[in-house]
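User: Could you walk me through this structure, step by step?

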Amino acid sequence: MAKTFSTSPGRSRVDSRRSKVDSVAQCHIQLAQTLREEARKMEEFREKQKLQRKKTELLMDAAHKQKSLQFKKTMDAKKIYEQKCRDKDEAEQAVHRSANAVNPKQQEKLFVKLATSKTAVEDSDKTYMMHVGTLDKIREDWQSEHIKACEMFEAQECERINFFRNALWLHMNQLSKQCVTSDDMYEEVRKSLEACSIEKDIAFFVNHQKTGQTPPAPIMYENFYNPQKSTASQGKAPGPNLARRGRLPVPKSLPDDPDYSSVDDYSLVYQ
């Protein structure tokens, strides 16, 4: 039957300390995973807002291009209208200048030109007014889209500030909780270290692992031709039965480090 031994108090305390340190490590791993998850949520939130802004920017860009195109058409129609008005004015002046002319055929041509210029003015005026009306409608639509975009950007900014403020607040709570948990476990380790006794741990180990009080007998010389055993090994007398050595040596104190403190019997005290 195999011989079993009880676990020493020192070993038990070491296992307890190791367990506490492993628990702290697991807490840090869980915290890291939590922070990575929160970072992923923040990235998803950022991408979501980015897509919303992109859609709004595309709508605003299309409205702005339509407005710019219609403005150009309106200005072109205005130039044509103004030119037709000048042509009509010139035709009227030509008719007035030729009022005393004796050539009726020439006067008829001037009247036809004047009538044609008046028709052209009316047509260009209608076209110009139509473009102005269309431009005003497009301008109203653009202004409405612009207001919606500004309101959306403002709402996004409020949402962004609120989201990141809450996220950072949560991060700080998680880090603070981790610090408290870690400090509680560290305090348990410090309390376990305060109960550490070098002499008791070594005495426990010796008492449970000892093989006897008497050292092994010396090996005697045996002559092959004379089987009688000599009383001493190679002419040397057996040594006396040595008792167990004296008091354990005292370890050196730790350096003058403000992070550590030692007292008599080397019990660690947390300050």
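Analyst: The model is predicted, so local features need pLDDT of at least 70, side-chain atom pairs count only at pLDDT 80 or more, and totals for chains, interfaces and linings use all residues. Residues are numbered from 1 along each chain as its sequence is written, and side-chain values use heavy atoms, leaving out hydrogens and water.

User: What pattern does the chain follow along the sequence?

Analyst: Helices (H or I, at least four residues) and strands (E, at least two) are DSSP runs, numbered from the N terminus. This chain has three helices and zero strands. Reading along, you get α-α-α.

User: Why is the pair of Phe45 and Phe163 stacked?

Analyst: Rings of Phe, Tyr and Trp (its six-membered ring) pair if their centres lie within 6.5 Å; planes under 30 degrees apart count as stacked, over 60 as edge-to-face and the rest as tilted. The whole structure holds five aromatic pairs. In this one, the centres are 4.1 Å apart, and the pair is stacked because the planes sit at 10°.

User: Is Phe45 buried or exposed?

Analyst: Buried means under 20% relative accessible area, exposed over 50%, partly exposed in between (1.4 Å probe, protein chains only). Phe45 has 9%, so Phe45 is buried.
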